[in-house]
Amino acid sequence: MSNARRATSGTLLVTSLTYAVLIAIAIIYIYPFLISIATSFKTQAEAADDPLSLVPATFSTAAYERLFLNSDFPLWFQNSIIVTVVVTMGRVFFNSLAGYALSRLTFPGRTAVFAGLVAVMAVPSVVLLIPKFLVINQLGIYDSYAGLIIPLLADAAGIFIMKNFFESIPVAVEEAARIDGAGTFRVFWSVVLPMARPAIITIVILAFQGSWNELSHFIVASQSQDLFNLTKGVAQLSSGALSQGAQFPLKLGAAVIMTIPVAVLFFVFQKRIMNASSGAVKE
Amino acid sequence: MSTPATPPGTPGGGALPTRRELRRRELRRRGRRRAGVNRGQTGAGWLFITPMLVILGLFLVLPIFMALWVSLSDWTGRGSPFAATTNYVGGENYAELLTGGGLAERDFGTSIRNNLYYVLIVVPVQTIISLLLAVLVNQRLLKARGFFRTAFYFPSVTSSVAITVVFLFLFSASGAVNRAVAYLGVNGPNWINDPRGLLHIILGAFGVDSPPGALQEAPFLGVSWWNWLAGPSVTMTIYIIMAIFTTSGTFMLLYLAALQGISGDIQEATLVDGANAWQRLWLVTVPMLRPTTFTVITLGLIGTWQVFDQIYTGTRGSPSKTTLTPAYLSYETSFNSQQWGQGAAIAFILFAIIVVLTILQRIVLRESDVVPKRKRFRPTGEGGRSSVVPVGPPVVPVKPPAGGAA
């Protein structure tokens, strides 16, 4: 009896301690984002004087006005959207094509191609920074949308995800379609692809997030101001391009805006993102 | 065997091809290797993977060979690296970096030192934090689990540029962090512009301000012993904290997935055996999570040697080159100093470092992994009753491998 009660009060203590720790950590993780939003609506002076408060004393949209009316920010945003949308669509198509071929079609060289794919995945991306520029330059697509987009159109990890997914769905449906006389592409396009929706959504999420947040590739693929995207533009802003002095409301406003699309994607597909990142497509 | 009437790959509609196709499938089932059977798929197969082969081949495989050539050449960035004006210089670029004795060697050595401390702190700390977050969030009775997971994971999905902007603000001289520590009566440093190494600061507290004679020599990569032992600079600490902040969420998810694979039976059995929560964590959960820990450390090592975005967005190597990393140095050497050969050579050395470390880590961690998972629990059952008792020795080396460095 007393034993049981002691256990309960012990559990209660542990539980409240757990909550206390979790809430403390959650505050540490969330505060930087809240403070960025708050500061972007502060005046320059207030941002410097009172960096901790979450409520602006005088609510100011000066930073956003400056960003949208008096800077290249809208252009960056537009470029980010163009690149991200094209890259995402390209990856969905090319990754699933390749993933389907590698999982379902038998052809000589398949094993070798797959081994090559695995080897390529092991090369750290930063090592490719300069090499990529060399090729882009050599091909004559430096400083163009083609140079920004084409190198990102397929990715080894995405092909992997698609291949794994196709392997998990039964062959029977395809066989039925094939018996009905559909060609390989028809089978792929109208039978298999619609069934692959969960995996495609995973690719969309990864491709969108990846190309929206990408920086190093855009640095080596272009230099003209017209082709700046958000990451490149905000990075330049951060190292002092638009501003004399700290200009924190402006920079944080830019950071907040560029986070919004990814944040929306994250909250919409929250469950799936949590699963996709843990290395398996569970469906 | 061949059916000339049917074009390979795409039998048209209609009754006849259907039957043919049927027969084909039948044949395929009987023996895949028979000639001609897969001819249709061969064409389609290669067609399907062509876009991927072109893209990955052009922008992943070809660059490696091109960069290898550039790293062995004196290309200055003008014209094509294959033009006649570019000369083969052998290992000159590598020699300049590794034993040249000049600025290039010193900068490279400094960047290696900076990144080394970054790795030494970030990898163990992020591994431990992500494990603890996962264990905390995984509790079945916890309310608002979803909220906590989201909160911890969210920094991982945002762009490193945006996070860097935020952190530069938080750590500015009169910024949020310094305001917060001021409440505790501590005078925060000028984070953004403080090249002092953490270990030097600690030594300074004991009155050691200048290097003893023995440490003034520069035996390796042009950096003196004293400077090798500087520790990460105060400014570098911002990036260290930021890396832990942004990646622990990702690794928490890996651990969460693994935790869900651990059966409740084992947890219950240890509960029955009277193990407390702490013992359960260290003696049961952590050993069982070994494969995940292995993955987390591997990914951590690979990721932390490639710091680029943050440095580019933030301090770009300053102050006093204490935030210079090999990745950023490689970029700067190529694009700003036009020393393309050297830049490419840095990239390859970095590649080698990552490969060697990954292999090394595999060997070290595998050694203590000889005991199969099952055997870690010695069934001490008699008759029908059996309970599991964690065996002592194999568990000990299982503690986060680099935990001591934290």
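Visitor: In which helix of chain A is confidence lowest, and in which is it highest?
Guide: Helix 15 (residues 270–277) of chain A has the lowest confidence, at a mean of 66, and helix 4 (residues 73–104) of chain A the highest, at 93. These are pLDDT values, the predictor's confidence in each residue, from 0 to 100. A helix here is a DSSP run of H or I of at least four residues, and a strand a run of E of at least two, numbered from the N terminus. This is a predicted model, in which local features need pLDDT of at least 70 and side-chain atom pairs count only at pLDDT 80 or more, while totals for chains, interfaces and linings use all residues. Residues are numbered from 1 along each chain as its sequence is written, and chains are lettered from A and ligands numbered from 1 in the order in which they are written.

Visitor: What is the average pLDDT of chain A, and where does pLDDT stay under 50?
Guide: The average for chain A is 85, and 91% of the residues score at least 70. Over residues 277–283 of chain A, pLDDT stays under 50. For that stretch the model has 17 contacts beyond four places in sequence; two residues are in contact if their C-beta atoms, placed from the backbone, lie within 7 Å.

Visitor: What makes helix 6 of chain A mostly covered?
Guide: Of the 10 residues in helix 6 (residues 129–138) of chain A, 8 are buried. A residue is called buried because 20 or more other C-beta atoms, placed from the backbone, lie within 10 Å of its own; with 12 or fewer it is exposed, and in between partly exposed. After helix 6 of chain A comes Gly140(A), with a positive phi near 75 degrees.

Visitor: Which domains make up the division of chain A?
Guide: Domain 1 covers 2–60 and domain 2 covers 69–277, with bounds from an automatic or database domain assignment. Their C-alpha centres lie 35 Å apart. By the contact cut-off, 8 residues of domain 1 of chain A touch 7 residues of domain 2 of chain A.

Visitor: How many residues of chain A are in contact with chain B, and how do they divide by type?
Guide: In chain A, 78 residues are in contact with 87 residues of chain B. Helix 1 of chain A gives the largest share of the chain A side, 11 residues. That side divides into 52 nonpolar, 20 polar and 6 charged. Ala, Val, Leu, Ile, Met, Phe, Trp, Tyr, Cys and Pro count as nonpolar, Asp, Glu, Lys and Arg as charged, and the others, Gly among them, as polar.
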